[in-house]
Every structure is written in structure tokens, then in C-alpha cells.
Amino acid sequence: MAQLSTLGHLRFMAWLDFLYNLSLLITVGADILVLCYVVPAFRRSKNRAFLFIAIACVVGIIDTICDHAVDARSLSESGYIVFRTFLRCGYFTDITFWALGIVSLTRTVLAGSQPTKSDDEVPKVVVSHWKCSKCGEELESQFTSCWKCRTPKQNEPVA
Ligand SMILES: [Zn+2]
């Protein structure tokens with residue numbers, strides 16, 4: 001019975017170890033895939049967003065490989081503290097650059113969609129007005145005569 005639970009424990013630990021190594025492959029693989037996309041995208045567009053994401057990917061790869069390559073149990077106490085701080089800094093740099101990249105990419109997308117939208121709207125919104133020469137009523141440019149006193153629009157130069 002005790003032997004069985006020890007075997008189960010070992011299997012569970014082997015499973016955890018497998019997941020740990022799998023996470024290395026997934027993280028590095030995903031980072032490389034993203035790099036393959038953002039590096040050419042940065043060269044094409046010169047958009048800083050892609051550069052931020054590329055830095056995040058490189059830091060992510062270094063951080064993950066260091067985490068897997070260094071056996072923390074073999075380190076001295078001070079060595080462990082240095083290693084742990086290094087990993088944590090890498091992790092924060094990774095997250096920060098991801099956030100910077102996503103935020104500036106979103107800004108670019110939003111800024112890119114606005115001009116086309118306002119191009120359609122501006123001519124309708126910005127309408128030149130004219131003033132009726134008789135009653136002084138403010139009229140929009142599409143009216144050719146005053147709706148109040150029916151005086152036709154006079155072609156005066158707009159002030
Ligand atoms: Zn009028």
C-alpha cells in the first residue's frame with residue numbers, strides 16, 4: 001500500500017516535470033512564432049509597437065531558458081537570491097514590453113481608423129453658413145433662399 005502511493009507520487013512528480021518542460025517548449029515556441037511576425041512587421045511599418053513586442057519575446061525566451069537551465073537547488077543562498085531577482089526582473093520586463101506593444105498597437109489601429117471615418121463625416125459636419133441680407137437669419141449653405149423671409153441667397157464673399 002505504501003509502495004503504491006510512493007509509485008503514484010513518483011508518477012505525479014514525473015507528470016509535473018513533463019508539464020514544466022512542456023511549458024518551456026510552448027513559451028519559447030510561441031515567442032519565436034510571434035517574433036517571426038513582429039520583426040518583419042517592424043521593418044515594414046517602423047511601428048514601435050512591433051519593436052516592443054519583439055523585445056518582450058526575446059526577454060521571454062531568455063527568461064524561460066534560464067529558468068529551465070539553472071538548477072536553483074545547486075545554488076548558494078546568495079546565488080539563489082541573485083538568480084531569483086534576475087528571473088523576476090526578466091518576467092516584469094517581459095510583461096511591461098508586452099503591455100507597451102499592445103497599447104501602442106491599439107493606439108495605431110484606433111488612429112488609423114479615425115481619419116477614414118472623419119473624412120466621411122467632416123464635410124457634412126463643417127457646413128458654411130450664410131446670413132440673410134434682409135432679416136439676418138443664419139442659414140446653412142444648402143439653402144438657396146431664407147426660409148423665414150424668402151430672400152434669395154446673395155453671392156457675397158464669405159468672411
Ligand atoms: Zn430672411
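**Overview**

Of the 159 residues in the protein, 12% are buried, where a buried residue has 20 or more other C-beta atoms within 10 Å of its own, an exposed one has 12 or fewer, a partly exposed one falls in between, and C-beta atoms are placed from the backbone. The model is a predicted one, in which local features need pLDDT of at least 70 and side-chain atom pairs count only at pLDDT 80 or more, while totals for chains, interfaces and linings use all residues. Residue numbers start from 1 along each chain, following the sequence as written.

**Fold**

- The protein has three helices and two strands, these being DSSP runs numbered from the N terminus (H or I with at least four residues for helices, E with at least two for strands).
- Read from the N terminus, the order of these elements is α-α-α-β-β.
- Among contacts with a separation of 6 or more, 43% join residues 24 or more positions apart, a contact being a pair of residues whose C-beta atoms, placed from the backbone, lie within 7 Å.

- The buried residues of helix 2 are A49, F50, F52, I53, A54, A56, C57, V59, G60, I61, D63 and T64.
- The end C-alpha atoms of helix 2 are 31 Å apart, which agrees with the 32 Å that its 22 residues should span at 1.5 Å a residue, the expected span being 1.5 Å times one less than the number of residues.

- Leaving aside residues up to four places away in sequence, F52 touches F97, L100, G101 and S104.
- S104, which lies in helix 3 (residues 77-125), is partly exposed because 17 other C-beta atoms are within 10 Å.
- With residues up to four places away in sequence again not counted, S104 touches R48, A49 and F52; the C-alpha atoms of S104 and R48 are separated by 7.5 Å, although the two residues are 56 residues apart along the chain.
- D67, found in helix 2, counts as partly exposed because it has 18 C-beta neighbours inside 10 Å.
- From C-alpha to C-alpha, D67 and L24 are 8.9 Å apart in space, while 43 residues apart in sequence.

Terms used
Contact = placed C-beta atoms within 7 Å.
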